[in-house]
Amino acid sequence: MSGPAYGVLRRVTPTASVLLERNPSSMTLEGTNSWVLRGSGAAGSVVVDPGHEDVEHLTLLAKTGAVELIVLTHHHPDHAEGAPWFAERVGAPVRAFDESLCIGGKSLVDGEVIEAGGVRLSVLHTPGHTGDSICLVSDGQLLTGDTILGRGTTVLHDLGDYLRSLRKLIELPGGTIGLPGHGPELPDLATTAREYLAHREERLDQVRSALKVLGADATPRQVVEVVYADVDKALWAPAEWSVRAQLDYLRSEDGE
């Protein structure tokens, strides 16, 4: 079985190709997917999430051709750290929901439509993993950043926000291809979003059950040791973030 295709631009759809950064970990799976979007006959491209300040990866990304625009799905370093270096190298502006990440361009707005690189991108603000997380809808496909991964589930900052974001994604047309920030592409994003929502509701029930045993004031770590008892302990630290978000959600006044 062949390993991940590092350093090779791989065509996924007629307008989207991916360059996989060599930064594998329990959090990034095989590594960060840097997406290159280019419409037929377009002179330049849109690059989504250049990744870490990994000069080898960014140099290869620059060699994929002229870049018209760089878009960041959120602020985490494995997606955004390399953007300033890359922007200077290719001479393109950087846009993101978080204004502090932007270089030579305005912050993104929910519902905004961008036309660049021969493609049309609609911005969806999908907080939950982070407050500034976005997805991009383009030509029957959705670039998800870390809102939905190609495999496994994402770490959460705010569960209420995340559940609302999932309900937004469930409304996408059937057959919308998911292009995630990590892991393989997904054949039907709306179906995956429904599976994520069911998983989150199941986890909430498990946390509720754990609290009945541990007491209402249980810590995230105590809950993790019960709910994630069958999960590799190497994943317990990131699980604590998600459990903390679940506890905040359950302990909020209205549960929403």
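Select phenylalanine 86, which is found in helix 3 (residues 83–90); helices (H or I, at least four residues) and strands (E, at least two) are DSSP runs, numbered from the N terminus. The model is a predicted one, in which local features need pLDDT of at least 70 and side-chain atom pairs count only at pLDDT 80 or more, while totals for chains, interfaces and linings use all residues. Residues are numbered from 1 along each chain as its sequence is written, and side-chain values use heavy atoms, with hydrogens and water left out.

Phenylalanine 86 has a relative accessible area of 0% and is therefore buried (buried means under 20% relative accessible area, exposed over 50%, partly exposed in between, with a 1.4 Å probe and protein chains only). Display its surroundings next: apart from residues up to four places away in sequence, phenylalanine 86 touches Val47, Pro50, Leu58, Leu61, Ala62, Val67 and Ile70, where contact means heavy atoms within 4.5 Å. Proline 50 lies 36 residues from phenylalanine 86 in sequence, with 7.4 Å between the two C-alpha atoms.

Now select arginine 10 and glutamate 185. They form a salt bridge, with the closest N and O atoms 3.0 Å apart (a side-chain nitrogen of Lys or Arg within 4 Å of a carboxyl oxygen of Asp or Glu). The pair links distant parts of the chain, 175 residues apart: arginine 10 is in strand 1 (residues 10–11), and glutamate 185 is in the loop between strand 11 (177–180) and helix 5. Arginine 10 is partly exposed at 36% relative accessibility, and glutamate 185 is partly exposed at 28%.

Proceed to glutamate 112 and arginine 95, a salt bridge whose closest N and O atoms are 2.9 Å apart. Arginine 95 is buried, at 12% relative accessible area.

In helix 6 (residues 220–227), select glutamate 225 and arginine 221, which are four residues apart, about one turn of the helix. Their salt bridge has its closest N and O atoms 3.3 Å apart.

Finally, select helix 5 (residues 189–214) and helix 7 (residues 236–251). Their axes come within 10 Å and cross at roughly 75°; axes are lines fitted to C-alpha atoms, for helices over the stretch in contact, and angles run from 0 to 180 degrees between N-to-C directions. Among the residues making the contact are Leu204 and Val207 of helix 5 and Leu247 and Leu250 of helix 7. Valine 213, also in helix 5, is exposed at 71% relative accessibility.
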